[in-house]
Protein chains: 2
Amino acid sequence: MGAGADARVAVLASGEGTNLQALLDDPVVGPWICVVVSDHRDARALERARSAGVEAVFLDPGVSPDRDAYDRAIRAVLQERKIGAVALAGFMRILGPELVRPYEGRILNIHPALLPAFPGAHAVENALAWGAKVTGVTVHLVDEEMDHGPIVLQEAVPVHDDDDRESLETRIHETEHRLYRWAVRALVEGRVEVEGRRVRIEEAEGD
Amino acid sequence: MGAGADARVAVLASGEGTNLQALLDDPVVGPWICVVVSDHRDARALERARSAGVEAVFLDPGVSPDRDAYDRAIRAVLQERKIGAVALAGFMRILGPELVRPYEGRILNIHPALLPAFPGAHAVENALAWGAKVTGVTVHLVDEEMDHGPIVLQEAVPVHDDDDRESLETRIHETEHRLYRWAVRALVEGRVEVEGRRVRIEEAEGD
């Protein structure tokens, strides 16, 4: 199964953009990425886009009167570029109905824990502080609740006795980079089937 | 490291007692089990105890005026038998301070999910309904909050696309049976070190 009309991907990122970089570096997914949008003018993610020859767009939340207006500004960028799928990569804003509804089932997020455990912005620290022995990575479809939509992929990551935030985060990032390109490929290739909260991924041809 | 004065174990169980059976069948842990206590007269767990030649005690919650009184009744059974460690195996009551405080750090529980995900009595169904791709098993020390104390062991269990409750529960039970005897051994042998919420298990001699 090849990529159809959805093979135009936008990445939304607020910060460092390591997951963006993993997508850019993937030989299949990289060429699909048409635009990177950030809510931070100085986001390293925007530099990564430019270095890869991908359009980088800063949208200033400060000039939008409210969240809906900001979401509409993002939506306009996506629609002008005929974007079919969106990957959030450390985008630190909760998306509302103005963006989520028109792109229902086509926005992915990646989270550094096994949701519903450790939602929110401090998943790695929280897992360590809680004394979890297993944490992991979740890729999910985005709905209007934070860290909530149907789960596309999850993979466990062990917590070691001597882990600190940095060592655990490194291990989680490696898993994230592998899972996210796999999930984006499946979504763009139309292999993600959603039934309520249960998601099934069809195997790719040749898998 | 051998088992010291704590090598007298009580198991508290309300129902089927499959985790109790796994402990009884373990060549190291089985002989340590001195008594099985249940809040249900007809609990299969009590039959399993009798079949193994272990004392089986039914304590009727109906005759205790409140939870504290019931917890004191359990405590009396444990103290009379000089019990050093307690393993909950499907015991469907929340223990209060009358039992938890005198046995602090010496009561284990096993839960069929990766806590803090899917606490409560329907962990397997809830994981399936939520569309989790990974769930698992948690062994934790018991404190006065349900499914909350410091985590001793966790292991991930995959959820397959075609899983129903029965198939997933079977896979989780296999993991439970393996983890629980390991955790009880470590606790009784004094190899469980607790620091806040983080728990470290020293290796057994010969491991």
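**Exercise 1.** State how many residues of chain B are in contact with how many residues of chain A, where contact means heavy atoms within 4.5 Å, and then describe the area buried between the two chains.

*Solution.* Begin with the count: 27 residues of chain B touch 27 residues of chain A. This is a predicted model, in which local features need pLDDT of at least 70 and side-chain atom pairs count only at pLDDT 80 or more, while totals for chains, interfaces and linings use all residues. Residues are numbered from 1 along each chain as its sequence is written, chains are lettered from A in the order in which they are written, and side-chain values use heavy atoms, with hydrogens and water left out.

Next comes the area, where buried area is the accessible area (1.4 Å probe) that two parts lose on being put together, summed over both. Between chain B and chain A about 2,300 Å² is buried, and carbon and sulfur atoms give 57% of that area. On the side of chain B, W130(B), K133(B) and R198(B) lose the most area to chain A, together 32% of what that side buries.

**Exercise 2.** Identify which element gives the most residues to the side of chain B that touches chain A.

*Solution.* The elements giving two or more residues are α5 (123-130), β7 (151-158) and β9 (198-201) of chain B, helices (H or I, at least four residues) and strands (E, at least two) being DSSP runs numbered from the N terminus. Of these, β7(B) gives the most, with 6 residues.
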